[in-house]
Amino acid sequence: MEKEIIEHGFSFNRRRFLSTMSLGIGSVALGSLLMPDLLKGGGLEEEGLAPGIPHFAPKAKRVIYLFQNGAPSQQELFDYKPKLREMLGQEIPPSVRGTQRLTGMTANQASFPLVGSFVDFKQYGQSQAWVSDLMPYTSKIVDDLCFVRSMYTEAINHDPALTFLQTGSQQGNRPSMGSWLSYGLGNENKNLPNFTVLLSRGVGNGQGVYSKLWSNGFLDSVHQGVQFSKGEDPVLYLRDPDGMDRKERRDMLDKLSELNEMSYQEFGDPEIAAKIKQYEMAYRMQTAVPEVMDLSKESDDIIKLYGPECLVPGTYAANCLLARKLSENGVRFVQLYHQGWDQHGNLPFEITKQAMDVDQASAALVTDLKQRGLLDETLVIWGGEFGRTSYTQGKLTADNYGRDHHPRCFTIWMAGGGIKPGIVYGETDELGYNIAKDPVHVHDFQATVLHQLGLNHEKLVFKHLGRRYRLTDVSGKVVRDIIS
C-alpha cells in the first residue's frame, strides 16, 4: 500500500483507505484536523518529506508570473547602455561577440552594427534604478522591485527557451513550475484551481503559447494549469447543460463518482482518482469562478489604478486585475502570458505599443497588492524567455531597426514574496552583450522561486520511469543575495 502511494502520488479515497487500513475513525479524524493534507500522497515521501507541507518556513504563499512572451529588449527597457549610442553603426567587436551561437535569422549577415536605444533613460527612487521613458508607471515603483539584469538561458529560439523557463527542460511533457508548486504545497482554496493561466495579445509579432507550458507532465492531472478565457464562459464546459439543474448535476456526479470509485478499486489507476477530484472541483468552481471573474464590484480607484482597459475582458490590464483577485482567493500560481514582444524589425514602433500595454497594469498590480497587505506573501515576476542582441538585425536606418534573440543576458524584475526591494542585481558589459557580474541561470531562478515558497528544489522530486525528476533538473542554486 505504501509503495502505491509513492509511485502514483495520489491520495486514497476514503472508502478505499478505511477498508484497507486498520486505523480507527478517531485517529483519522484527529490527523485530518491537525494536518489537512496528511493523507495526500506523492513522490516527496520517498525523500522523507510530507507532501503538501513546506520544507521550511516560506516567505511567500503564492506567485503571479507576468510572462512577456517573445522576449522584451532589455536595452530599451531596463538595462541602460549609453556606450551603444556612442558606437552607433560600428561593428560589434569580435572580442565581445566571441564564438557565441547566432540564430538562422542573422547568422548570414555580412555586418553586425551596434545600435543603442532610441528612447532615453533616467534614474528613479532611492535605489536610483535606470528605467526607460517607455515605462513611466514602473519607474514609480522601483523601490518595490528587484531588477535582475544578469539572467541567462541555454536556448536561442522561442519554443525551447519558453519551455525551459516554464518547465526546467527544453523538451515538452515536463511539469510546469505551477504544477510543481501545486504538487509540493497542495491547495489553499478547495473551490478554485491551484494553478491558473490567463492569455493576452499585444500589437507585435505574436509568438504562440501552447498548453504544454502549463502541463502537469508526469504529475497527476489535478496539478495541470486551468486556462481562463475572455469569453462568456471563462472555463469551458463549466456550466450545467441545458435542461439540467444543480440538484440533477449533483446526483449525476455522485453516481459517476461511484462508478469511477469502483474502477479505481479494481484497477488502482491514479488518473481515475484524479478524474473524480476534477469533477468535484468543476462543480465547486461553478459558484467560485463567476464571483472571482466579476469586476463590477471593483472601486473607481482600482479601475483608475489599472487603467480603463482593465474592464475589457482578455486585455493585459484585465488579466492583471484578475490575477490579483485569483491570488487573494488562494490560487497558488497565476500565470499570465502577454504575446507580441518579438521585435526582429520595426522595434521602435512595436515596443512602444507593447510597453503601453503592460506598464500601467504591471505597476498597478504591485501597488494594489501592497496596499492590501498582500505583497509580502505574493511573489510577482515580470520578464520574458531571453534577451535581444546589441547589434541590429537587418538594415539599420535613422529611425528604425530590429534586434535578434540573445540568450546570453536579459533582465527580469521581481517584487514581494521575501525578495529584497529596491535593488539591482547583476551587471552586463558596457555593450549589454555579455554578463559582467553575478550571472543567474534559469535553474538558479527556479530554485529561488521555490525557496521563497518554502520548498527545497533538490528535495521537490517525483520518481518517474525509474528516474527522480525535479524542476531544476540536476543543477540550480538559490540566489541568496536577493532574498531579504
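How many aromatic pairs does the structure hold? This is a predicted model, and the count in it is 18 aromatic pairs.

1. Trp180 is buried, with a relative accessible area of 1%, and Tyr183 is buried with a value of 1%.

2. Tyr183 also pairs edge-to-face with Phe462, at 5.5 Å between centres and 75° between planes. Do look at this one in the viewer: it links distant parts of the chain, helix H8 and strand S16 (residues 462–464), with the partners 279 residues apart.

3. Elsewhere, ring pairs join Tyr65, Phe67, Trp214, Tyr337 and Phe445 into a cluster. For charges over rings, see Arg97, whose charged end sits over Phe112 at 4.3 Å from the ring centre, and Arg467, which lies over the face of Tyr469 at 4.4 Å.

4. The largest nonpolar core has 53 residues, and Leu336 is among the members touching the most others. Helix H13 (residues 347–371) contributes the most to this core, with 10 residues. Another core, of 51 residues, lies apart from it and includes Cys146 and Leu460.

5. Further along the sequence from itself, Leu336 contacts residues including Leu66, Phe67, Tyr316 and Ala323. Tyr316 and Ala323 are among the buried residues of H12. Helix H12 (residues 316–328) is mostly covered, with 12 of its 13 residues buried, and is followed by Gly330, whose phi is positive, near 95°.

Technical notes
Residues numbered from 1 in each chain as written. Predicted model: local features only at pLDDT ≥ 70, side-chain atom pairs only at ≥ 80, totals over all residues. Heavy atoms only, no water. Core = buried A, V, L, I, M, F, W, Y, C linked by side-chain atoms within 4.5 Å. Buried < 20%, exposed > 50% of the residue type's maximum accessible area, 1.4 Å probe, protein only. Helix = DSSP H or I, 4+ residues; strand = E, 2+ residues; numbered from the N terminus. Contact = heavy atoms within 4.5 Å. Phe/Tyr/Trp six-rings, centres within 6.5 Å; stacked < 30°, edge-to-face > 60°. Lys NZ or Arg CZ within 6 Å of the ring centre and 35° of its normal. Lists of a residue's contacts leave out its neighbours within four places in sequence.
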